[in-house]
Amino acid sequence: MSLFSPAELSYTAVPLASTGIPAGSITVPLRADAREPLSYRDVVLETGVSLGTLGSAKVVVGGPGGYTEVWAGVKGEVENVEQSAEDASTGAGKVVVSVECAPTALSTLRPDLPQHLSSLLTTLFSSSSLPPSFLAQLVVLPRSKSWTLTISLLIISSSGGNVLDLALMAARAALASTRLPATRPIGLGDDGPAGEIGGKDAGFSGLVKGGKAGVNAVDFELLDGGWDEGERLERWEDLPVGLTLNLINQLPHLDATALEETATASQLIVCFTSKGDLCGVKQVGEGEIELGRLMPLIREAGKYSAELLQVMNAKLKDV
């Protein structure tokens, strides 16, 4: 059941479905908040908002119709590397995502949105989308142990609309601000006679720290102050981004309010790597997207994703 009347939906949809204002006519705002179709509201992004996490962020956007607030936190756990054909050579870590909704957000949240969001974030932060150099930093012991980072998202409020985009921003910001505890490998001495593990000091006394980049490492330990003085992940600037094109009459608009989302026939969520390569596309809604419009829409999304990437990286540079 819709929270808005047919008159409200029609009043919102008709201007956004128009191809433009005729020449010579009086210019009027196309949206209730006077924004142009392809513009965002003011977005508030903060990092370091949650204690007990390796990285965290919250994103808030709002207006007269309500506000949307999404929190994200990153926790880490060292796990054994799965000895699959893909992982055996690299032993790189991985990123997993979970999504929860607070009761305060359920009344204005589409029932299917958490499922779509979870699927989208899993694609965005998969091993195929994240830079290999970024994942390589998660290795603790080569081909043995690595960090698994879990991004937990909590949707606090959704009355302002555009939950998808804000969740993507929050997840990216939390991961970009993550600091991993410093570790040191504990290995077996490699200077003993051939065939003699650890030489004369085999056993516990044969354990040495450091070694050749952990080649003979069998375990690891946290350095003093490791949890409090973690090192920020490098290449965070290369994390992928994504945004939602809300379509009415095959025409896009960005950062839809809750009312605009209800009037929208279809949504196209498009994700890109930092190099501008397409890494994910998902359609949400009952409306259809014409085949001839699909590629132009993706190219348009790429243009605004590049701008979003630049703005977010500037904001996250000194966190």
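Modeller: What follows is a conversation about charged pairs and nonpolar cores in a predicted model.

Biologist: Why is the pair Asp33 and Arg35 called a salt bridge?

Modeller: The term asks for a side-chain nitrogen of Lys or Arg within 4 Å of a carboxyl oxygen of Asp or Glu, and the closest N and O atoms of Asp33 and Arg35 are 2.7 Å apart, so the pair meets the definition.

Biologist: How do you know whether Asp33 and Arg35 are buried, exposed or partly exposed?

Modeller: Buried means under 20% relative accessible area and exposed means over 50%; Asp33, at 31%, therefore counts as partly exposed, whereas Arg35, at 9%, is buried.

Biologist: What makes Glu260 and Arg35 a salt bridge, and which parts of the chain does the pair tie together?

Modeller: The closest N and O atoms of Glu260 and Arg35 are 3.9 Å apart, and because the cut-off is 4 Å, this pair counts as well. Glu260 lies in helix α6 and Arg35 in the loop between α1 and β1, so the pair ties together parts that are 225 residues apart in sequence. Glu260 has 4% relative accessibility, which means that Glu260 is buried.

Biologist: Why are Asp255 and Arg41 both called buried?

Modeller: The relative accessible area is 0% for Asp255 and 10% for Arg41, and since the limit for buried is under 20%, both residues qualify. Their side chains meet in a salt bridge, at 2.8 Å from N to O. This pair also links distant parts of the chain, with Asp255 in the loop between β13 and α6 and Arg41 in the loop between α1 and β1, 214 residues apart.

Biologist: Which residues are linked in a network of salt bridges?

Modeller: The network links Arg31, Asp33, Arg35, Arg41, Asp255 and Glu260, and the structure holds seven salt bridges.

Biologist: What makes a set of residues a nonpolar core?

Modeller: Its members must be buried, belong to a list of residue types that includes Leu, Ile and Phe, and be joined through side-chain atoms within 4.5 Å. The largest such core has 52 residues, of which Leu121, Phe125, Leu149, Ile151, Leu153 and Leu175 touch the most other members. Helix α5, residues 163–176, gives the most to this core, with 12 residues. Another core lies apart from it, with 12 residues, among them Leu243, Leu245, Leu268 and Phe272.

Note on methods. Residues are numbered from 1 along each chain as its sequence is written. This is a predicted model: local features need pLDDT of at least 70, side-chain atom pairs count only at pLDDT 80 or more; totals for chains, interfaces and linings use all residues. Side-chain values use heavy atoms; hydrogens and water are left out. Buried means under 20% relative accessible area, exposed over 50%, partly exposed in between (1.4 Å probe, protein chains only). Helices (H or I, at least four residues) and strands (E, at least two) are DSSP runs, numbered from the N terminus.
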